[in-house]
There are 2 protein chains.
Amino acid sequence: MKNKLLVVGTVAFDDIETPSGESGKILGGAATYIGLAASQLSVDAALVSVVGGDFPDDYLSLLRERNLNLEGLKVEPSGKTFYWKGKYHKNLNKRDTLVTELNVLADFSPEVPSDYKDAEIVLLGNLHPAVQLSVLDQLGTSPKTVVLDTMNFWMDHTWDDLLLAVAQTDIITINDEEALQLSGENSLVAAAKKIHSMGPSYVVIKKGEHGALMFHKDTIFFAPALPIASVVDPTGAGDSFAGGLAAYLSSGVKLTPESVKTGIIYGSALASFCVTDFGTSALLNLDKSALKKRLSAFKALVHFDENIDL
Amino acid sequence: MKNKLLVVGTVAFDDIETPSGESGKILGGAATYIGLAASQLSVDAALVSVVGGDFPDDYLSLLRERNLNLEGLKVEPSGKTFYWKGKYHKNLNKRDTLVTELNVLADFSPEVPSDYKDAEIVLLGNLHPAVQLSVLDQLGTSPKTVVLDTMNFWMDHTWDDLLLAVAQTDIITINDEEALQLSGENSLVAAAKKIHSMGPSYVVIKKGEHGALMFHKDTIFFAPALPIASVVDPTGAGDSFAGGLAAYLSSGVKLTPESVKTGIIYGSALASFCVTDFGTSALLNLDKSALKKRLSAFKALVHFDENIDL
């Protein structure tokens with residue numbers, strides 16, 4: 001039985017420069033990447049976001065064609081869509097933000113479509129935690145799994161709201177430095193323990209090219225990253241990762257350490273495609289057989305013989 | 001059938017400061033860590049190295065008690081043992097060398113014991129490549145597997161000798177930055193391909209807390225690292241890793257991608273113990289049952305359900 005997946009996040013214009021070239025103004029945003037990643041798993045997903053009157057109908061059609069419900073995607077005809085321009089350094093692990101124009105995102109008040117107020121899985125994409133909280137407030141008390149993606153910016157500027165959102169979270173996805181910052185600890189093991197006590201029973205640490213870690217009680221899971229010969233554009237990798245994870249959890253499985261592990265592999269596989277082209281191109285060109293092959297590659301990547309005699 | 005393992009590397013005094021404290025002057029050196037790691041696997045191993053008259057008999061006994069053959073460990077009564085003093089930064093991934101006194105190492109001319117000239121596995125620990133080459137020159141042409149550990153210092157200062165040693169190497173172990181430096185490439189995938197063409201058919205990339213990668217032809221293997229709650233002293237982790245790998249390959253298995261993968265897990269497990277105490281303490285206190293448990297933990301760390309339906 002499929003579950004409903006509710007996604008809140010940005011739908012945006014990105015303008016990206018990497019050592020491979022310049023993208024120009026293209027489709028971007030956390031909810032966009034999450035939705036496109038999730039749509040590979042035939043989920044029943046709705047996006048909650050906001051765009052301006054300048055947002056092309058073609059982009060809306062593109063999302064609709066992927067069976068993403070857009071009832072909660074508000075169009076503000078007189079406003080402009082959120083715009084981000086950034087430039088990646090040579091090693092691609094660092095980037096500089098050149099321009100951020102919040103535009104319609106500045107006053108974004110999310111509205112959850114009534115059909116999705118009982119969504120079993122809620123993915124709160126990287127956004128102001130007050131917006132994330134507003135979505136949770138609309139969902140009532142029905143049993144649900146909350147996946148929260150966030151970043152250091154919100155830890156620096158909206159600490160109290162962030163803590164409230166984290167308290168209602170089952171699965172948090174952050175990078176390693178952010179885990180140390182959020183917890184105030186010096187090791188990931190200690191950080192995960194502290195973050196467990198703040199709410200999330202699953203702490204998922206994104207390490208980019210170094211893979212991902214999952215902490216749940218005394219269980220640790222180490223997910224590999226597939227070494228990629230040429231990374232073109234890392235934008236959206238973290239969102240694709242979270243989208244793949246949440247989509248797998250929406251596929252009718254129960255929330256268990258095992259299902260979260262498998263979900264992390266789905267997310268890792270989708271992120272490994274995402275980075276091979278600018279913006280959403282690689283996700284848009286992906287088909288199920290390529291994804292299936294990639295999932296097998298992740299299995300092979302970590303397999304070793306059980307010969308552990310001494 | 002067990003094979004012979006010949007190890008060349010430093011036997012030294014280390015003096016280590018980490019955020020956890022100061023070690024004082026203690027037993028160290030690449031060959032020491034390699035030997036102690038290898039001795040966990042009941043191998044027939046010999047160390048080739050040099051120490052001064054100041055090297056305590058107790059340390060020699062300690063190595064002998066581990067069944068390490070010391071015929072090739074020269075003692076120069078009038079000389080002083082190689083001494084290294086270093087201080088680790090707070091995050092432990094960086095360290096400053098405070099003192100390096102080469103002492104007897106400056107004129108080290110390795111002599112391979114005659115019983116080990118037909119060793120099936122040769123581990124050339126991190127040392128001047130001219131010394132590594134001198135060992136290979138003494139071994140004749142018998143079929144053997146050469147494992148070479150090196151670092152950026154030798155790339156900066158002894159490039160030509162290093163290339164000659166690499167050309168005779170089957171398995172090279174280096175870190176990710178060093179792989180890029182050695183190959184002149186920008187990605188690990190491209191680097192591994194280039195390094196294959198320089199000699200080693202196996203390129204093993206040590207990434208510390210992020211695990212390790214193995215490249216062999218079109219095969220990639222991603223070995224996890226066990227997240228450690230409190231790393232006390234990273235010194236010797238890379239040597240323990242190489243020692244575990246070489247020791248596993250000396251246990252009578254054939255050299256195949258599968259045996260190298262399993263060897264990498266042995267090495268990773270031994271390195272995961274090494275860092276939990278100053279110097280060689282953790283390796284000295286390790287017993288087989290703890291190692292066996294740790295190997296199982298590595299297996300569990302990367303296991304996920306095969307459910308890859310889309």
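## Stop 1: the two copies

This is a predicted model. Start with both chains on screen. Chain B superposes on chain A by a rotation of 180°, with 0.0 Å of shift along the axis and an RMSD of 0.0 Å. The two copies are thus related as by a two-fold rotation axis. To find that axis, select His210(B). Within chain B, the C-alpha of His210(B) is the one nearest the axis, at 2.9 Å.

## Stop 2: the contact between the chains

Now select the residues where the chains touch. Chain B gives 34 residues to the contact, and chain A gives 34 residues. Colour chain B by element. Which elements of chain B give two or more residues to the side that touches chain A? They are H7, strand E14 (219-223), helix H9 (257-274) and helix H11 (288-301). Pick out H11(B) next. H11(B) supplies the largest share of this side of chain B, seven residues.

Do the copies use matching or unlike surfaces? Of the interface residues of chain B, 100% are also interface residues in chain A, so the copies meet through the same surface.

## Stop 3: the four-stranded sheet of chain A

Hide chain B for now. In chain A, look for an open sheet of four strands in the order E3-E2-E7-E8, with mixed pairing. Its edges are strand E3 (21-28) and strand E8 (95-101) of chain A, each pairing on one side only. Neighbouring strands are turned by 15° against each other on average, direction ignored.

Select residues 12-18 and 83-88 of chain A. These are strands E2 and E7, which pair in the parallel sense over five bridges. Show two of the bridge pairs. Phe13(A) has Tyr83(A) of E7(A) as its bridge partner. Glu17(A) has Lys87(A), also in E7(A).

Step across to E8(A). E7(A) and E8(A) run antiparallel and are joined by six bridges. Click Lys85(A): opposite it in E8(A) stands Val99(A). E7(A) and E8(A) form a hairpin with six residues between them. Stop at Leu92(A), which lies in the turn and has a positive phi of about 70°.

## Stop 4: the sheet of chain B

Chain B has an open sheet of four strands, E3-E2-E7-E8 in order, with mixed pairing. Strand E3 (21-28) and strand E8 (95-101) of chain B are its edge strands. The twist averages 15° from one strand to the next.

Strand E2 (residues 12-18) of chain B pairs with E3(B) in the antiparallel sense over six bridges. Select Ala12(B) and find its bridge partner in E3(B), Gly28(B).

## Stop 5

Go back to chain A. Select helix H3 (residues 129-137) and helix H5 (residues 159-167) of chain A. Their axes come within 8 Å and cross at roughly 35°. The crossing of H3(A) and H5(A) is left-handed. Show side chains for the contact. H3(A) brings Pro129(A), Ala130(A), Gln132(A) and Leu133(A). H5(A) brings Asp161(A), Leu162(A), Leu164(A) and Ala165(A). By class, the contact has six nonpolar residues, one polar and one charged.

Switch to chain B and select H3(B) and H5(B). Their axes come within 8 Å and cross at roughly 35°. H3(B) passes H5(B) in a left-handed crossing.

## Stop 6: helices H6 and H7

Stay in chain B. Select helix H6 (residues 176-183) and helix H7 (residues 188-198) of chain B. They pack at an angle of about 55°, with their axes 9 Å apart. H6(B) and H7(B) are therefore oblique to each other. Their crossing is left-handed.

Which residues of H6(B) and H7(B) meet? From H6(B), select Asp176(B), Ala179(B), Leu180(B), Leu182(B) and Ser183(B). From H7(B), select Leu188(B), Ala191(B), Lys194(B) and Ile195(B). The contact holds six nonpolar, one polar and two charged residues.

Last, show both chains again with H7(B) still highlighted. H7(B) is among the elements on the side of chain B that touches chain A.

Note on methods: Residues numbered from 1 in each chain as written. Chains lettered and ligands numbered in written order. Predicted model: local features only at pLDDT ≥ 70, side-chain atom pairs only at ≥ 80, totals over all residues. Axes fitted to C-alpha atoms, helices over the stretch in contact; angles between N-to-C directions. Left-handed = near helix turned anticlockwise from the far one by under 90°. Contact = placed C-beta atoms within 7 Å. Nonpolar A, V, L, I, M, F, W, Y, C, P; charged D, E, K, R; others polar. Parallel < 35°, antiparallel > 145°, perpendicular 65-115°, else oblique. Least-squares fit on C-alpha atoms with pLDDT ≥ 70 in both. Pairing = 2+ DSSP bridges.
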